[in-house]
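Colleague: I'm new to this one. Could you walk me through it?

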Amino acid sequence: MIEFRSVTKAYPDGTVAVADFTYTVESHRTVVLVGSSGSGKTTLLRMVNRMVDPTSGTVAIDGLDVRDLDKVALRRSIGYVLQAGGLLPHRTVLDNVATVPVLTGTPRRRARTAAWELLERVGLDRSLAGRYPAQLSGGQQQRVGVARALAGDPNILLMDEPFGAVDPIVRGELQVELRRLQAELGKTIVFVTHDIDEAFGLGDEVVVLRRGGEIAQAGTPAQILANPVDDFVRDFVGADRAERVLTTVEVDGRCVVVDRDGRPAGVLAR
Amino acid sequence: MTWLLLNWPQALQLAWTHVLLSVPAITISVLVAVPLGRLAHRYPRPGGALLSAASLLYAIPSLPLLIIIPVVLGIPLRSSATMVVALSVYGVALLVRSAADAFGAVDARVRLAATAIGFSPWALFWRVELPLATPVLLAGVRVVVVSTVGLATIGALVGIPSLGSLFTDGFQRGIAGEVITGIVATVALALALDGACALTGRALTPWTRSARSEHAGRHTGPVAA
C-alpha cells in the first residue's frame, strides 16, 4: 500500500509541481495517474522511490514513511520502468536485466540465470540476451525494461510513461502483455501516462490530474466514463467523443453496438 | 642505419628509460585528471575556473618548469622524478577538459534511470559513468600519450636521459645517424603506445561497435558478441 498524505512539491523558483495531494494506492492494484504535462504526475511517481522528496507531507509504503528508509535500498526494492526502458547502453540485455540483483549482492551467475527466465516471461527471445540495447527495436527495449524492473521481485512497480516512445501497434501489444503479467504477478503498480485510452486500458483505478497535481477525479475507468465530474474531466476522457457514445441497433436479429457516427464497435454477447 | 647497428644496446636502453618516464606520467595524468574532470562536470561554476586554470598549466614553458619542480619538491634536478612530475603537469593540463567533456557526454537519462533503479553514487560512477565516458576519455588519453612521449625528450637538455639524449648527443658530435635514430625511435614509441591505448579502448567498449545498427532487432543476422 502506498499512501500519499498531503504531499506538496514546490521549487525554489516558486513553481508548484504538486499541491496537497492525498491518495492511497491499495496493494495489488494498478493505479494510473493521468494528466497533461505540468500535472505533476511524474513528480508524484518519483516521490515514491525518493527521486524527489516532497516539500511537505509524507509518502508511506505499508505505513513506513519513505523518508525514514535508505534511498538506495528503497530504490532497489521498487521496480522502475521508464521511457525507452532507461537501459544501460554499455550492458548486454542479460546484464541489464540482472542489474538490480547484482547490485544487491546476488552472485552474477545466479542473477544471469534468473534473468534468462525473465526474458521469456516478458516475451523476448533468448537469442537477444547477448545484444546491446541499441541493437533492439523500441518495443524490445521496453520489454527488457520491464524484465529488469521485475528482476528484484519487487512488490511495487513504478512506470513512468513507459510506452510513450513506441508506435501505436507496439504500444497496444505491450499493454496487453502488461495486463497478462499483472494478472500473474499481482504487483502494486503506479503507472503514469498522458494517454487516457492507455489509462483506461490498464488501470484498476484512474486518477485524472489537473495542473499542479490536483485530483480532478479518481475512480474506476467505468465510474469516470459514466459520471465525469466536470467539463475538464469530460473533455479529458473524451466522454463526448463519437467512439465513446454507443448505441445498439438490431441487425439480422442480433444487437450490434455502434458509435455515434454509426460505425460498428462490436456485437452484444448473448 | 650504421649508427643504430653499432649502438643498438644503447638505443634500446634509452627507449626503455623513455618508457619509464612516459608511462608513469601518463598514468598519473589519468588518475588526477579523471576525478578533477568529474568534479568540474558536477560543479560547473568552480569547475569552469578549474578547467581554465588547468589549461593554463600547459602554457608554462618546459625548461623553467624543470628548474622549478626540483626546487619546490626538494628532489634532485637531474632525477627522472623531476621529469615525471613535469610531464604529469602537462598531461593533466591536456586531459582535464576532455575528462569533463567525457562525463558531460554521458546521457542524463541513463544517469537518472540508473539512480532510479538503485545505483549508489559510488556504483554510478564506477559502473555507469566511467564506462560510458570511456570513448571520449580515451580520445583525450591518446593525445596525452603522444604528447608525453614527445615532450619527454626535452629532459635531455637538462641531463635527464631519454631518447632525446640521442638528438643532443648526435648534434654535439655531428652524428646524423644518431639524431635520426632518436627522432624515428621517439615517433615509433609514441605510435606503439598510442596503438596499445586504442586496442585497450576497443576491448573496454564493446558496445560502441554495435551501436550503429539501430534496428538490428529486426534483422536475423548472428548475435553480436
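**A first walk through the model**

Modeller: Let's start with helix α1 of chain A, residues 41–48: 6 of its 8 residues are buried, so the helix is largely enclosed by the rest of the structure. Buried here means under 20% relative accessible area, exposed is over 50%, and partly exposed is in between, with a 1.4 Å probe and protein chains only. Helices (H or I, at least four residues) and strands (E, at least two) are DSSP runs, numbered from the N terminus.

Colleague: Before we go on, what kind of model is this?

Modeller: This is a predicted model, where local features need pLDDT of at least 70, side-chain atom pairs count only at pLDDT 80 or more, and totals for chains, interfaces and linings use all residues. Residues are numbered from 1 along each chain as its sequence is written, chains are lettered from A and ligands numbered from 1 in the order in which they are written, and side-chain values use heavy atoms, leaving out hydrogens and water.

Colleague: OK, back to α1(A). Which residues are buried there?

Modeller: A:K41, A:T43, A:L44, A:L45, A:M47 and A:V48.

Colleague: And what follows α1(A)?

Modeller: A:R50 does, with a positive phi near 60°, and this residue is not a glycine. A:R50 sits in the loop between α1 and β4 (56–61) of chain A.

Colleague: Is A:R50 buried or exposed?

Modeller: A:R50 counts as buried because its relative accessibility is 11%. A:D62 also has a positive phi, about 50°, without being a glycine. A:D62 lies in the loop between β4 and β5 (64–65) of chain A, and it is exposed, with a relative accessible area of 53%.

Colleague: What about A:N96, where is that?

Modeller: In helix α3 of chain A, residues 93–97. A:N96 counts as buried, at 0% relative accessibility.

Colleague: Which residues is A:N96 in contact with?

Modeller: Leaving aside neighbours within four places in sequence, A:N96 touches A:L87, A:L88, A:R91, A:P133, A:V144 and A:R148; contact means heavy atoms within 4.5 Å. A:N96 and A:A147 are 51 residues apart in sequence, yet 9.0 Å apart in space, C-alpha to C-alpha.

Colleague: Switching to strands: how is the sheet with β11, β12 and β13 of chain A put together?

Modeller: The 3 strands form an open, antiparallel sheet in the order β11-β12-β13. Its edge strands are β11 (247–251) and β13 (264–267), each pairing on one side only. β11(A) pairs with β12(A), residues 254–258, over 5 bridges; strands count as paired if DSSP finds at least two bridges between them. One bridge partner set is A:T247 with A:V258 in β12(A).

Colleague: Now chain B. How do α2(B) and α4(B) pack?

Modeller: α2(B) (residues 44–57) and α4(B) (residues 80–104) pack at about 145°, with axes 7 Å apart. Axes are lines fitted to C-alpha atoms, for helices over the stretch in contact, and angles run from 0 to 180 degrees between N-to-C directions. The contact involves B:L51, B:S52, B:A54, B:S55 and B:L57 of α2(B) and B:V89, B:Y90, B:A93, B:V96, B:R97 and B:A100 of α4(B).

Colleague: Last one: how many helices and strands does chain A have?

Modeller: Chain A has 10 helices and 13 strands, and buried residues make up 51% of its 270 residues. Its C-alpha atoms fill a box of roughly 65 × 50 × 30 Å along the principal axes.
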